[in-house]
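Reader: I have a structure open and would like to learn how to read it. Could you walk me through a few features, one at a time?
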Amino acid sequence: MPAPEYSLPDVLERMYHNQLALEAALMELTLLVESQGHAEVGDNIRTALDAIGENAGHINQGLARLKSQGTA
């Protein structure tokens, strides 16, 4: 039986995908800012992106657990 369209794992997975898209967009802006000579701003953004990336790993693991619990 397929999961409902608005199940908790589905909603969280979409939020996770949005987070990845925002991370990619911020990286593009970072590269632009750095190319204009604003290295310090770029470093600050990269620090924030590191946190986003680390959190994305935890979110992905949590999603995997939720999905496996739903099929057990």
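Author: Gladly! Keep in mind that this is a predicted model.

Reader: Is Thr30 buried or exposed?

Author: To judge this, look at the relative accessible area; a value under 20% counts as buried. Thr30 is buried because its relative accessible area is 0%.

Reader: Which residues does Thr30 contact, once neighbours within four places in sequence are left aside?

Author: Leaving those neighbours aside shows what the fold brings together. For Thr30, the contacts are Gly42, Ile45, Arg46 and Leu49.

Reader: Now the outside. Which residues form a nonpolar patch on the surface?

Author: Tyr6, Val11 and Met15 do, and together they have about 350 Å² of accessible area. Tyr6 lies in the segment before H1. With a relative accessibility of 68%, Tyr6 is classed as exposed, since exposed means over 50%.

Reader: What about charged side chains? How many salt bridges does the structure hold?

Author: The general idea is that side chains of opposite charge can pair when their charged atoms come close. Here there are three salt bridges. Let's take Arg14 and Asp10: their closest N and O atoms are 3.3 Å apart. Because these two residues are four apart in helix H1, about one helical turn separates Arg14 from Asp10.

Reader: And where are the partners when a bridge links distant parts of the chain?

Author: Glu13 and Lys67 give you a case, with a salt bridge of 2.7 Å from N to O. Glu13 belongs to helix H1 and Lys67 to helix H2 (residues 39-71), and the two are 54 residues apart. Glu13 is partly exposed at 24% relative accessible area, and Lys67 is partly exposed at 37%.

Reader: What is the distance between the closest N and O atoms of Glu34 and Arg46?

Author: For that salt bridge, the distance is 2.8 Å. This pair also links distant parts of the chain, with Glu34 in helix H1 and Arg46 in helix H2, 12 residues apart. Glu34 has a relative accessible area of 25% and is partly exposed; Arg46, at 29%, is partly exposed too.

Reader: Can we follow another residue in helix H2? What does Leu66 touch, not counting residues up to four places away in sequence?

Author: Leu66, which is in helix H2, touches Pro9 and Leu12. Its relative accessibility of 26% makes Leu66 partly exposed. For a sense of distance, compare sequence with space: Leu66 and Leu49 are 17 residues apart in sequence and 25 Å apart from C-alpha to C-alpha.

Reader: Let's step back to the whole protein. How many helices and strands does the secondary structure come to?

Author: Two helices and zero strands. The protein has 16 Å, whereas a compact globule of 72 residues would have a value near 11 Å. The C-alpha trace spans about 55 × 20 × 10 Å along its principal axes.

Reader: What share of the residues counts as buried?

Author: Of the 72 residues, 12% do, and Thr30 is one that is buried. The protein exposes about 5600 Å², of which carbon and sulfur atoms supply 60%.

Reader: And what share of the contacts with a separation of 6 or more comes from residues 24 or more positions apart?

Author: Such residues account for 57% of those contacts.

Conventions. Residues are numbered from 1 along each chain as its sequence is written. This is a predicted model: local features need pLDDT of at least 70, side-chain atom pairs count only at pLDDT 80 or more; totals for chains, interfaces and linings use all residues. Side-chain values use heavy atoms; hydrogens and water are left out. Buried means under 20% relative accessible area, exposed over 50%, partly exposed in between (1.4 Å probe, protein chains only). Contact means heavy atoms within 4.5 Å. Patches are made of residues with over 30% relative accessible area and no salt bridge: like charges are joined within 9 Å, nonpolar side chains (Val, Leu, Ile, Met, Phe, Trp, Tyr) within 5 Å. Accessible areas come from the Shrake-Rupley method with a 1.4 Å probe; for residues, only the protein chains shown count as cover. A salt bridge is a side-chain nitrogen of Lys or Arg within 4 Å of a carboxyl oxygen of Asp or Glu. The radius of gyration is taken over C-alpha atoms; the globule rule is 2.2 Å times the number of residues to the power 0.38.
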